[in-house]
Amino acid sequence: MARASTVERLVTDELWELIEPLLPRPRPRRRGARTGRPPVPDRAALAGIVFVLTTGIGWNDLPPELGCGSGTTCWRRLRDWQRAGVWDELHRVVLDRLGQAGVLDWSRAAVDSVSVRAKRRGEQTGPSPTDRGKAGSKYHVLCDRNGLPLHAVVTGANTHDSRILAELLDTNPGVRERRGQAGRPRRRPGKLHADKGYDYPRCRRYLTGRGIGVRIARRGVEDSSRLGRVRWVVERTMAWLLSFRRLGLRYERSRTSIEALLKLACALICLRRLP
């Protein structure tokens, strides 16, 4: 049996089958125009992106022995595919399949955030109140009862969690749990668990108005350890995300790049649970 190439190990057949139909078609070459070098195959470029995301290596340090093209080429594909909506669509497609397989559990959901340092500053950064005011970003994540990430948003590290709760739920693309049937995708969980950082009247009013059960720890009243019996899944989700080393310490300056990497990481986490 022939050994799989590096590209095939980084981008499995299952992942490639899902993302290939979502990629934009290459522009047709004009007749008689100079062709130059042939473009790097999309699967090879995707393998380079996954390698950078997983290992945290710099784009310019991408080893040519991998056969993924240059780091600049992979970064450009990452940017172009983000602008084309590929990463959001990939995450949605994987979630749809999980929903149709009955893997997603909407009875309870959890929300939380994690701050990371931004070494080169850039867009969606701010002084971190937990890191002596150094530049950083914050990942806000909504996950289901099993800890599978349903949606994620990037903000500056100085953005309060309670200010992003409505945006996180309103921009959630939702999941179509029934293939081929009309109807709106599901976006709202039955109950939402959150820590004391979300204990504000506006958050409770917003959740109640959307028909979502409120389970937010009360400051000065409730012990957060009780909430942790359910909310620990979102902490595990954060650990999954930060295991992608390119997310654990932010080097991307543009909002486009960091959001693309975050969405790809969410899709890869969900892909592991596909039956």
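How much space lies in the largest cavity? About 30 Å³, with a cavity taken as a set of points on a 1 Å grid over the protein atoms alone where a 1.4 Å probe fits but cannot get out. The volume is the space filled by probe spheres set on the points, which are joined across faces, edges and corners.

Some ground rules before going on. This is a predicted model, so local features need pLDDT of at least 70 and side-chain atom pairs count only at pLDDT 80 or more, while totals for chains, interfaces and linings use all residues. Residues are numbered from 1 along each chain as its sequence is written, and side-chain values use heavy atoms, with hydrogens and water left out.

**The cavity and a pocket**

The structure has one cavity of 30 Å³ or more. Its lining is made up of Arg108, Ala109, Ala110, Asp144, Arg145, His193, Val230 and Val233, where a lining residue has an atom within 4 Å of a point. Two elements, β1 (109-117) and α8 (224-242), each give two or more residues to that lining; helices (H or I, at least four residues) and strands (E, at least two) are DSSP runs numbered from the N terminus.

Then there's the second largest pocket, at about 230 Å³. A pocket is an open set with protein on both sides within 12 Å along at least five of seven lines. Among the residues lining this one are Trp59, Trp75, Arg120, Arg246, Tyr251 and Glu252.

Most residues other than glycine have a negative phi. Glutamine 124, in the loop between β1 and β2 (126-127), has a positive phi of about 55°. Arginine 132 also has a positive phi of about 55°, and sits in the loop between β2 and β3 (135-144). Glutamine 124 is partly exposed because its relative accessibility is 23%, whereas arginine 132 is exposed at 70%; buried means under 20%, exposed over 50% and partly exposed in between (1.4 Å probe, protein chains only).

**Leucine 66**

Is leucine 66 buried or exposed? Leucine 66 is buried, because its relative accessible area is 16%. This residue lies in the loop between α3 (42-55) and α4 (71-83). Leaving aside residues up to four places away in sequence, leucine 66 touches Thr6, Val7 and Phe51 (contact: heavy atoms within 4.5 Å).
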